Amino acid sequence: MKRYDYLIVGAGLFGAVFAHEAQKAGKRCLVIDRRPHLGGNIYCEQVEGINVHRYGAHIFHTANKRVWEYVNSIVEFNRYTNCPVACYKGEMYNLPFNMNTFNRMWGVRTPAEAVAKIEEQKAEANARMEADGVNEPRNLEEQALMLVGKDIYERLIKGYTEKQWGRDCRDLPASIIRRLPVRLVFDNNYFNDPYQGIPIGGYNRLIEGLLDGVETRIGVDFAELKGNWRDKADKLVYTGPIDEYFDYCYGNLQYRTVRFETEVFDMPNYQGNAVINYTERDIPYTRVIEHKHFEMFGSEVYSTPKTVVSREYSTEWKPGMEPYYPVNDDRNSALYQQYRLLAEQEPNVIFGGRLAEYKYYDMDKVIEQALLTAKEEQL
Ligand SMILES: Cc1cc2nc3c(=O)[nH]c(=O)nc-3n(C[C@H](O)[C@H](O)[C@H](O)COP(=O)(O)OP(=O)(O)OC[C@H]3O[C@@H](n4cnc5c(N)ncnc54)[C@H](O)[C@@H]3O)c2cc1C
């Protein structure tokens, strides 16, 4: 007798949503994770009474009403609205680029004045390219200058992008930036989605709710069971790295990663906002996150005497580091396709989630995908 219908490797959002659906359908599931906690990358650590996003700031946003209702049926979400601010040489600019940004940058007060300024700067960039005999932007710098002009590019895009990619904008392909939307309204809400927020009490409550009643084991690596998982379960749901599953037989898939430097400050309010981007090249980090602002608003910010702040450093990934962002270049896409073909031949194994599909997924999209997988399993 097999003990489980599903062995689920990985207690991140994909594994937890799938397990939730399987359990509702009366299936027996075991969820394992090699980390010492559940939740995968949305896991939060409590520090000084504050939920600290251990694997990077996570802001839930979606246009999918069904996904929004699904997560809110597990735990209620607050209305955190993401309004990041950019700091360039001590000057603070609202993001995304909007009338507040343009007013700060040029003193303009109306959409017409802002458009005139942007068009003037775009025309200068185009004229410079024409003088150089260039028809198409040859790199990211030329592309950005054509789309928004010099001031926005130099103050808000150049340094940040160079830190993110670890390369000069003139050495990056124009294709990285296809559009740079500008908003001609005084609206600092970063996301266009109608629904956004943070689970009240933190993301761990979402995962605990999803996995309520499901058997889980942490600190267990699939490698320990790999040879004999079929003795324990009918099917495997694998959300770990696909190249690792196949013992890297074709080589390593590559990632970009982020290093976090987290510090507790003996003050209730360090920067007055959850997210501040540092857009000048000379400051080595890209963003500073002050975690309490995701869940404490107005005078609540002063309800804890300390605050926790993380500086983010964009870093080249090496095997052994946390894999964060897949690298969508030709080498890695071709390598993933080779692994994908092997995966299609594995009987009774479902590969899902960001690592097994080698794909950047926002949280709502990974939930959608896990729900779809559950449906395909007729759960
Ligand atoms: C820095 C960063 C910031 C992000 N911010 C946002 C955001 O603001 N908004 C948003 O919507 N999305 C955001 N995301 C995306 C979000 O993190 C993902 O959508 C989500 O975490 C994916 O869930 P998952 O289950 O696929 O993967 P994971 O959460 O990575 O879960 C996979 C789990 O599998 C476990 N595992 C792997 N291999 C094994 C093994 N061999 N044995 C046992 N266990 C194993 C891992 O330990 C891990 O816990 C962000 C991502 C990153 C990298």
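Let me start with helices H3 and H6. H3 covers residues 99-106 and H6 covers residues 150-165; their axes come within 12 Å and cross at roughly 100°. The axes are lines fitted to C-alpha atoms, for helices over the stretch in contact, and angles run from 0 to 180 degrees between N-to-C directions. Helices here are DSSP runs of H or I with at least four residues, strands are runs of E with at least two, and both are numbered from the N terminus.

A word on the source. This is a predicted model, in which local features need pLDDT of at least 70 and side-chain atom pairs count only at pLDDT 80 or more, while totals for chains, interfaces and linings use all residues. Residues are numbered from 1 along each chain as its sequence is written, and side-chain values use heavy atoms, with hydrogens and water left out.

Which residues meet between H3 and H6? From H3 they are Thr101, Phe102, Met105 and Trp106, and from H6 Asp151, Ile152, Arg155 and Leu156, contact meaning heavy atoms within 4.5 Å. Five of these residues are nonpolar, one is polar and two are charged. In that scheme Ala, Val, Leu, Ile, Met, Phe, Trp, Tyr, Cys and Pro are nonpolar, Asp, Glu, Lys and Arg charged, and the others, Gly among them, polar.

Now the sheet. Seven strands form an open, mixed sheet in the order S7-S6-S12-S13-S14-S11-S15; two strands pair if DSSP finds at least two bridges between them. S7 (91-94) and S15 (325-326) are the edge strands, each pairing on one side only. Inside the sheet, S6 (residues 85-88) runs parallel to S12 (residues 275-278), with three bridges joining them. Cys87 has Tyr278 in S12 as its bridge partner.

Next, some backbone details. Leu95 and Pro96 are joined by a cis peptide bond, with omega about -10°; Pro96 sits in the loop between S7 and H3.

Two tyrosines have positive phi: Tyr248 near 55° and Tyr358 near 45°. Are they buried or exposed? Tyr248, in the loop between H9 (242-245) and S11 (255-265), is partly exposed at 36% relative accessibility. Tyr358, in the loop between S16 (349-351) and H11 (363-376), is buried at 6%. Buried means under 20% relative accessible area, exposed over 50%, and partly exposed in between, with a 1.4 Å probe and protein chains only.
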